[in-house]
Amino acid sequence: MEAIIFGELWKLEPLCEEKKIRWRKEMDWLLSPTTYMVELVPKKQNGADGCTFEIMTPKPRSDVHVNLPALQKLDSMLIEVLDSMVDTEYWYVESGSRADGRSKRNGPRQTKKWWFPSPRVPDLGLSQFQRKRLVFQAKLVHQILKAAKSINEQVLLQIPIPAAVMDALPKSGRASLGEDLYHAITTEYIPIEEIFLSLSLKTEHSVLETMNQLEGAVFAWNQRILEGKNKKSPGRHSWNFMKDSSTELDKMSMSIERVDTLMQLLKSRFPNLPPTFIDVLKVQYNVDVGHAIVEAYSRVLVGVAFSVLSRIAEILLEDDVIKKPNTPMATLKFDLSSDVYLAGITETPPGHIRRSLMDQISLVDGRLDAVVEKKGVKQLRW
C-alpha cells in the first residue's frame with residue numbers, strides 16, 4: 001500500500017487529492033477488522049433477587065486500541081508535513097532519460113540512481129527562513145519515525161516465535177555468536193561500546209548478520225533459563241549442583257542484558273535495517289490479526305517517514321554544496337544516493353564517526369556540536 005500511494009517518494013511535495021483519498025480508503029480497509037476485536041473481562045452485576053454475580057462483558061482489545069490512535073495521529077502528521085511543502089524555494093529536474101537508462105546529470109553532484117528527480121536550489125542557496133523550516137520539519141519527521149518504529153518493535157516482541165521453526169534456531173549462545181563475540185559478551189569487564197567498535201560493520205548485510213546472531217543467542221539463553229526454572233529440584237540433587245545451576249542461569253541473564261544493550265546501539269546507529277530473521281518468521285507465521293494490523297501499519301509509517309527524511313536531507317545537502325562549493329564532498333560524509341547510506345551506514349574513512357541520517361542533517365545545518373577526537377580513539381555520539 002505504501003508503494004502504491006507514495007511510490008518511492010521521489011519529490012518532497014504535497015500528495016494530490018486523489019492519492020489522499022485512496023490512502024485513507026485503504027487505511028480504513030486495513031483497520032476495519034479492529035472494530036470487532038474485543039476481549040472479555042469479568043464484571044459484577046446485581047441480580048433481581050439482590051444477589052451479586054459476575055458476568056463476562058466485551059471490552060475493546062487494549063493492545064490494539066491503544067496503538068491505533070497513536071499510529072493514526074502519526075499518519076496525519078506525515079500527510080501534514082507533505083502538505084506544508086508549498087511555496088518552496090527548491091525544485092526538481094530530471095536526472096536523465098528513463099527510457100534509455102542514461103545516468104547523465106547536470107548538477108554538482110552525481111548519483112547512481114539516475115531515475116530520481118534531482119533537487120535544485122537558487123544560485124545563492126536557500127534563504128535562512130526556508131532552511132530553518134526544512135530543518136524543523138526534518139526533526140519533526142524524525143520524531144514520527146522513532147515513534148512508529150517503537151510501536152513496531154513492541155508489537156514484534158508480543159508476537160511469539162512460531163513453534164514450527166524453533167528447531168531451526170541455534171541451541172546455544174556460543175553456537176550463535178561464534179567464539180570471539182561470545183567471549184566478548186560473556187566477559188563482564190569488556191565495555192559494550194568497545195565490543196561495538198570491534199564489530200565488522202562495513203555493509204548492511206554484515207550489520208544484519210550480526211543482529212541475527214545476537215537475537216539467536218538471546219533466544220537460546222532464554223530457552224535455557226525457562227527450562228531451568230521449570231525443572232523441579234529433586235531431593236537427590238546435592239546443594240552444590242543446585243548452586244552451580246543457579247550461577248549458570250545468572251550468567252545467562254547477565255549476558256542477555258549485555259546483548260540487549262549492544263542491539264540497541266546497533267539499532268540506534270543503523271535505524272533503517274531490514275527485519276531480522278526472527279522478526280521475519282514472526283510476521284510470516286503470525287496468526288493474530290490484531291498484531292498483524294498494528295505491525296503492518298507501523299512498518300508502513302516507518303518507511304514513509306524515512307523517505308520524507310531522506311528527501312529533506314537531499315535538499316539540505318544540495319543547498320550546502322551551492323553555498324560551500326569548495327567543500328570536498330568527502331568531508332560531508334554524506335551520500336544520500338547510496339543504498340548503504342540509506343541503511344544508516346556512511347562509508348567514511350577509518351577514524352571518522354559514523355552518523356545516522358538525523359545527525360547528518362544537523363551536520364549540514366551546521367548545528368552539530370564539536371566532536372572531540374582523540375588520537376587512535378573513536379568517540380561514539382548517540
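At 23% relative accessibility, Asp63 counts as partly exposed, a class that runs between buried (under 20% relative accessible area) and exposed (over 50%), computed with a 1.4 Å probe on protein chains only. The model is predicted, so local features need pLDDT of at least 70 and side-chain atom pairs count only at pLDDT 80 or more, while totals for chains, interfaces and linings use all residues. Residues are numbered from 1 along each chain as its sequence is written, and side-chain values use heavy atoms, with hydrogens and water left out. Helices (H or I, at least four residues) and strands (E, at least two) are DSSP runs, numbered from the N terminus.

**Salt bridges**

- The whole structure holds ten salt bridges, each defined as a side-chain nitrogen of Lys or Arg within 4 Å of a carboxyl oxygen of Asp or Glu.
- Side chains of opposite charge can pair when their charged atoms come close.
- Asp63 pairs with Arg61 in one of these bridges, with an N to O distance of 2.8 Å.
- Arg61 is buried, because its relative accessibility is 15%.
- Arg61 also bridges to Asp288, where the closest N and O atoms are 2.9 Å apart.
- Arg61 sits in the loop between strand 2 (52-60) and helix 3 (62-83) and Asp288 in the loop between helix 10 (277-285) and helix 11, so this pair ties together parts that are 227 residues apart in sequence.
- Asp288 is partly exposed, at a relative accessible area of 23%.
- A further salt bridge joins Arg131 and Asp319, with the closest N and O atoms 2.2 Å apart.
- That pair links distant parts of the chain, since Arg131 belongs to helix 4 (residues 128-158) and Asp319 to helix 11, 188 residues apart.
- Both partners are buried: Arg131 has 10% relative accessibility, and Asp319 has a relative accessible area of 0%.
- Through shared partners, salt bridges join Arg61, Asp63 and Asp288 into one network.

- Helix 3 has 22 residues and spans 32 Å from its first C-alpha to its last, close to the expected 32 Å, which is 1.5 Å times one less than its number of residues.
- Buried residues of helix 3 include Val64, Asn67, Leu68, Leu71 and Asp75.
- The buried residues of helix 3 pack against helix 2 (17-31), helix 4 and helix 11, with contact meaning heavy atoms within 4.5 Å.
- In helix 6 (residues 179-186), the buried residues are Leu181, Tyr182, Ala184 and Ile185.
- They lie on the same side of helix 6 because they cover an arc of only 165° around the axis, taken from the directions from the helix axis to the C-beta atoms.
- Glu179 and Asp180 are exposed on the other side of helix 6.

- Ser298 lies in helix 11 (residues 289-323) and is buried, with a relative accessible area of 0%.
- The side chains of Ser298 and Asn152 make a polar contact of 3.0 Å; such a contact is a pair of N or O atoms within 3.5 Å, where within protein one must be able to donate a hydrogen and the other to accept it, and residues adjacent in sequence count only if both atoms are side-chain atoms.
- Leaving out residues up to four places away in sequence, Ser298 touches Leu71, Ala148, Ile151 and Asn152.
- Ser200 is in the loop between helix 7 (192-198) and helix 8 (204-230) and is partly exposed, at 49% relative accessible area.
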